[in-house]
Amino acid sequence: MNYILIDNIHALMDDNEMPKGPKTRAKYLAKHCDTSVEEIELFFIGEGGLSKGILKKIADLFEVDIHWLAGSY
């Protein structure tokens, strides 16, 4: 599990003053990244992964480099 990735996503959401509730954050990402809330929730608790396509959508959403997002800079 890439905890740096999870931390970076939460940091971006904090920087954008998004609600801190995990369900709210999962709903937001699912809506904007064309995936299910369940997939995002499982990812946040370390029980699932996200495809490269979903990671790219998250990076684009927050206007950051996908390599930075994943912690592989």
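Predicted model: local features only at pLDDT ≥ 70, side-chain atom pairs only at ≥ 80, totals over all residues.

1. Aspartate 34 is exposed, with a relative accessible area of 63%; here buried means under 20% relative accessible area, exposed over 50%, and partly exposed in between, with a 1.4 Å probe and protein chains only. The side chain of aspartate 34 meets that of lysine 57 in a salt bridge, at 3.4 Å from N to O. A salt bridge is taken as a side-chain nitrogen of Lys or Arg within 4 Å of a carboxyl oxygen of Asp or Glu. Lysine 57 lies in helix α4 and aspartate 34 in the loop between α2 and α3, so the pair ties together parts that are 23 residues apart in sequence. Lysine 57 counts as partly exposed, at 34% relative accessibility.

2. Residues are numbered from 1 along each chain as its sequence is written, and side-chain values use heavy atoms, with hydrogens and water left out. Helices (H or I, at least four residues) and strands (E, at least two) are DSSP runs, numbered from the N terminus.

3. How many salt bridges does the structure hold? There are five. Salt bridges that share partners join Asp14, Lys20 and Arg25 into one network. Within it, the side chains of aspartate 14 and lysine 20 meet at 3.0 Å, N to O, and the closest N and O atoms of arginine 25 and aspartate 14 are 2.4 Å apart. The latter pair links distant parts of the chain, with arginine 25 in helix α2 (residues 22–33) and aspartate 14 in helix α1, 11 residues apart.

4. Is arginine 25 buried or exposed? Arginine 25 is buried, because its relative accessible area is 3%. Aspartate 14 is partly exposed, at 35%, and lysine 20 counts as exposed, at 62%.

5. α1 has 13 residues and reaches 18 Å from its first C-alpha to its last, close to the 18 Å expected at 1.5 Å a residue; the expected span is 1.5 Å times one less than the number of residues. Leu5, Ile6, Asn8, Ile9, Leu12 and Met13 are buried in α1. Seen down the axis, the buried residues of α1 fall within an arc of 165°, so they line one face of the helix; the arc is that of the directions from the helix axis to the C-beta atoms. On the other side of α1, Tyr3, Asp7 and Asp15 are exposed. Just after α1, glutamate 17 takes a positive phi of about 55°.

6. What covers the buried residues of α1? The cover includes α2, α3, α4 and α5. Leucine 12, found in α1 (residues 3–15), counts as buried at 8% relative accessibility. Leaving out residues up to four places away in sequence, leucine 12 touches Phe62, Val64, Trp68 and Leu69, contact meaning heavy atoms within 4.5 Å.

7. The largest nonpolar core has 22 residues, and those with the most contacts inside it are Ile9, Leu29 and Ile58. Such a core is a set of buried Ala, Val, Leu, Ile, Met, Phe, Trp, Tyr and Cys residues joined through side-chain atoms within 4.5 Å. α1, α2, α3, α4 and α5 (66–70) each supply at least two residues of this core, and α1 gives the most, with five residues. Apart from its neighbours within four places in sequence, isoleucine 9 is in contact with Leu29, Phe43, Phe44, Ile58 and Leu69.

8. A search of the whole structure finds one aromatic pair. Phenylalanine 43 and phenylalanine 44 form this tilted pair, at 5.9 Å centre to centre and 40° between the planes. Rings of Phe, Tyr and Trp (its six-membered ring) pair if their centres lie within 6.5 Å; planes under 30 degrees apart count as stacked, over 60 as edge-to-face and the rest as tilted. Both phenylalanine 43 and phenylalanine 44 are buried.

9. Alanine 59 is placed in helix α4 (residues 52–61). Alanine 59 is buried, with a relative accessible area of 1%. Residues up to four places away in sequence aside, alanine 59 touches Val64, Asp65, Ile66 and Leu69. The C-alpha atoms of alanine 59 and isoleucine 45 are separated by 20 Å, and the two residues are 14 apart along the chain.
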